[in-house]
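Subject: Structure handover

Hello,

Here is the structure for you to open.

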Amino acid sequence: MEQTLVITEKPSVAQNIAKVLGAYKRHDGYLSGNGWVISWCVGHLVELAEPEAYDSTYKKWAREDLPILPSKWKYNVSTATKKQFTVIKKLMAKDDISDLVCATDAGREGELIFRLVYYLCGCKKPFSRLWISSMEDAAIRDGFKNLRPGSEYDRLFEAALCRERADWIVGINATRLFSVLYGKTLHVGRVLSPTLAMAVVREAEIAAFVQESFYTVGLTLPGMKATIKRLKGKEVALHLANECADSTATVTKYVCKEKSEKPPALYDLTTLQRDANRQLGYTAQQTLDYAQVLYEKKIITYPRTDSRYLTDDMEEMVPGLASMAARIAGLYDDEDDEFDEEDDSISRLIDSSKVSDHHAIIPTMSAGEEELSALPSGEREILQLIAVRLAEAVAGPCRYEEVKAEFECSGMPFASKGKTILEEGWKAIEKEENEARQRRSRSKRGNSNNNHPGISEKESEVSAPLPLMEIGDRFPVKSADVKEGKTKPKPHYTEDTLLSAMERAGAEDMPDDAERKGIGTPATRAGVIERLVTRGFLSRAGNGKTKYLIPTEKGTALITVLPEQLQSPSMTADWEEKLLAIERGEYSPEEFMDGIAAMITDLVETYEPAKDSSVILPAGRESLGKCPACGADVVEYPKSYSCTNRQCKFALWKENRYFESIGKQMDEKTARQLLKNGNIRLKHCYSRRKDKYFDTTVSMALDPDGKVQFRMGKGEK
């Protein structure tokens, strides 16, 4: 009997699909039944080979060996994933497997994961593509009824391949070039470096900022306050206040307008990450991790999307989804209540022309059947955000009356503004959720005095209405006061604001009709920020939930010596646009790769080390701590944190299987902590077996042969 082999990206997705297809029989590395065989990739099974795989001379980093530009690309299967790769290879070769289905995540990276395994296994059997935005049973069934020929996604694969290889060329060559020239491991990347540059420039602006005083004169009038702002001299302000006291203010302008504020658009991944960082204190990576788990549990739709709209064919299901979302958000006391949406509220969300690979993130109908209290707190809070946003999006606009009045007093102009809410609309939902979030936050802390970081001063202000008046009316000045203010520098970046900056970077150089602007993609930006932190270029600072991303000395030094072409947002944004053009068949992959090769070749041949580089980046490697085996210094090398004693074999490898198995990396901070204390407390670890997040303590010890062994705190997993 012939069977179809389905390849997914993760075991949990394979199990969901197997349940729908009736493939219940379990094997080592796959499931089968009902004519289907379902296996999984566990992320990237196949990776680009290191330079030394092309030539052994590349083991030593040297400028004269650059640029490294493979004519024929080589791939490796990592030791950690070799077993699963072997399972898939054997399944692909079986005589009773007639065809395949690519069921990896529906996007550029998912396509790359499947195709690399397919080609490295030497498989030539036909394959189809499953393209779905939800893991609900109905969506899976519908997806399998509408499988597309794999060839329709060839251009998506070409773009993914170009992205991967361009990153390799830039990363390998630029990292080796700058590391050799400056005697330190300096990681460089097409998105990594521009992102770091934005943070370094922001800190330079803050450091160079010179604070200045300014003064505001406020007049207390019957039923209102009028002010004149930004007076530079204190004496000028005091003189004006004295002149205005006990005088009158004459109305010179009075404008009353009815306005409305539309509900916010639905979430794409970046806006979800920004809100989760600002309101909940989650990092971008944590938000993506929680959203991915919710997707695999069939609770929300596909999270790695850059669209904030739904497709035309979804219009009929939105009212039911909105009512369900409102119940999840706790906006109803009675489940029989219906969500009351405006006539045009749903149509605002629908626009297929603004949906690229996937529509906006929304809860699925399965979410309404979920026992929310059983979800881990992180998943529950992310689901709450998504549900509230859908409820807001289908609500009516907030209608208000805004009044602006201008006055003349002692020959100077004063202004006043008032606002009267006519209909709260979606703002009522926002207000209710903000208050509920504050209550939850206070309950967690047991402290009612702290304000929640997600509630801004502006949001909590109540703008009182102004009394009726006409031009020429005169109001007695009851009192006049002077207040001193200080100019403020731009704030440090948080993940919220850095994500926004990445999304907007280089946008002014993009065509107006570009589908995606900025540097990186919604799916990769979180990883970029995490790599900058783990590699010691950025550090997280701050108390409570608001964490700032501050460049380290190492990060600042790297940007100081890096040429403009490698830290320019407009250039990397241009690369992203070209990759999208490849997906659309409007640009040649060969032309793209030729451009990358030419740029790197020119960099290697023409770059001159920065003047005073010994001051910017002092020679020698910084000691991270003492070797637990022999007591010598441990320093950073390209692939490890190792002992400087050549007879000692102690090393903490950056590609660390133990740490990767719990979703962590061996970075500089981790290495320092292990060398200092012999253990480290890790938060937000991930157990694939139990499919949950946990906190734990990992201890380091040496076995009799001097090899490093790691052990988790007893009973913590």
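The notes below cover a helix pair and then some backbone details.

Keep in mind that this is a predicted model.

Helix pair

Two packed helices are described by the angle between their axes and the distance between the axes. Look at α8, residues 269-280, and α9, residues 284-296. They pack at about 115 degrees, and their axes are 9 Å apart. The crossing of α8 and α9 is right-handed.

Which residues meet there? On the α8 side they are Leu269, Leu272, Gln273 and Ala276. On the α9 side they are Ala284, Thr287, Leu288 and Ala291. By class, this contact has six nonpolar residues, two polar and no charged ones.

Backbone details

Most residues other than glycine have a negative phi, and most peptide bonds are trans. Here are some exceptions to look up.

- Leu66 and Pro67 are joined by a cis peptide bond, with omega at about 0 degrees. Pro67 sits in the loop between β5 (46-48) and β6 (75-77).
- Asn34 has a positive phi, near 60 degrees. Its place is the loop between β3 (30-33) and β4 (36-40).
- Lys298 also has a positive phi, near 70 degrees. Find Lys298 in the loop between α9 and α10 (318-328).

Are Asn34 and Lys298 buried or exposed? Asn34 is exposed, because its relative accessible area of 60% is over the 50% cut-off. Lys298 is buried, because its value of 10% is under the 20% cut-off.

Best wishes

Definitions and conventions: Residues are numbered from 1 along each chain as its sequence is written. This is a predicted model: local features need pLDDT of at least 70, side-chain atom pairs count only at pLDDT 80 or more; totals for chains, interfaces and linings use all residues. Side-chain values use heavy atoms; hydrogens and water are left out. Axes are lines fitted to C-alpha atoms, for helices over the stretch in contact, and angles run from 0 to 180 degrees between N-to-C directions. Helices (H or I, at least four residues) and strands (E, at least two) are DSSP runs, numbered from the N terminus. A crossing is left-handed if the near helix is turned anticlockwise from the far one by less than a right angle, and right-handed if clockwise. Contact means heavy atoms within 4.5 Å. Ala, Val, Leu, Ile, Met, Phe, Trp, Tyr, Cys and Pro count as nonpolar, Asp, Glu, Lys and Arg as charged, and the others, Gly among them, as polar. Buried means under 20% relative accessible area, exposed over 50%, partly exposed in between (1.4 Å probe, protein chains only).
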